[in-house]
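User: I would like to learn how to read features off a model. Please take them one at a time, with the general idea ahead of the case.

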Amino acid sequence: MTFRTLTLASLAALSFAMAGCSTNPSNAQIGTGVGAVAGGVAGNALFGGTLGTVGGAAAGALIGNEVGKRNDGHR
């Protein structure tokens, strides 16, 4: 891993961590994150490779967002 890659990854992680402290996430945001991770894992397991992982993550994020939006209205 090059120094540039390590630096960019560290800065990205730091910015996500600081942004996460600003407000509590909505159910839609939580659903998007959980769906993306689960979809990425499922896509990699079913299709393998980068395309399967990215496609699964995108589909999971969309589905998780919609499920989260439905649950936001029932507080």
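User: In which helix is Leu 11 found?

Analyst: The model is a predicted one. Leu 11 is found in helix H1, which covers residues 3–20. Leu 14 lies in helix H1 too.

User: How many salt bridges does the structure hold, and how should I read one?

Analyst: Side chains of opposite charge can pair when their charged atoms come close. The structure holds one salt bridge. In that salt bridge the side chains of Lys 69 and Glu 66 meet, at 3.7 Å from N to O. The cut-off for this pairing is 4 Å.

User: Why are Lys 69 and Glu 66 separated by about one helical turn?

Analyst: Lys 69 and Glu 66 are separated by about one helical turn because they are three residues apart in helix H3, residues 49–72.

User: What span should the 24 residues of H3 have?

Analyst: The expected span of a helix is 1.5 Å times one less than its number of residues. For the 24 residues of H3 that should be 34 Å, and the end C-alpha atoms of H3 are 34 Å apart, which agrees.

User: Which residues of H3 are buried, and what covers them?

Analyst: Buried means under 20% relative accessible area. The buried residues of H3 are Gly 52, Gly 56, Gly 60, Ala 61, Gly 64 and Gly 68. Their cover includes helix H2, 27–47.

User: Which residues does Gly 31 touch?

Analyst: Residues up to four places away in sequence are not counted; beyond those, Gly 31 touches Gly 64 and Asn 65. Gly 31 lies in helix H2 and, at 16% relative accessibility, counts as buried. Gly 31 and Gly 64 are 33 residues apart in sequence, yet 4.2 Å apart in space, C-alpha to C-alpha.

User: Is Leu 51 buried or exposed?

Analyst: Leu 51 has 75% relative accessibility, so Leu 51 counts as exposed. Its place is in helix H3. Between Leu 51 and Gly 40 there are 9.8 Å in space, C-alpha to C-alpha, for a separation of 11 residues in sequence.

User: How many helices and strands are there in the protein chain?

Analyst: The protein chain has three helices and zero strands. From the N terminus on, its elements run α-α-α. The radius of gyration of the protein chain is 15 Å, well over the 11 Å that the globule rule gives for 75 residues, so the chain is more spread out than a compact globule. The C-alpha trace spans about 45 × 35 × 10 Å along its principal axes.

User: What percentage of the 75 residues is buried, and what percentage of the accessible surface belongs to carbon and sulfur atoms?

Analyst: Buried residues make up 16% of the 75 residues. The accessible surface of the protein chain comes to about 5700 Å², and 71% of that belongs to carbon and sulfur atoms. As for contacts with a separation of 6 or more, 61% are accounted for by residues 24 or more positions apart.

Key. Residues are numbered from 1 along each chain as its sequence is written. This is a predicted model: local features need pLDDT of at least 70, side-chain atom pairs count only at pLDDT 80 or more; totals for chains, interfaces and linings use all residues. Side-chain values use heavy atoms; hydrogens and water are left out. Helices (H or I, at least four residues) and strands (E, at least two) are DSSP runs, numbered from the N terminus. Buried means under 20% relative accessible area, exposed over 50%, partly exposed in between (1.4 Å probe, protein chains only). Contact means heavy atoms within 4.5 Å. The radius of gyration is taken over C-alpha atoms; the globule rule is 2.2 Å times the number of residues to the power 0.38. Accessible areas come from the Shrake-Rupley method with a 1.4 Å probe; for residues, only the protein chains shown count as cover.
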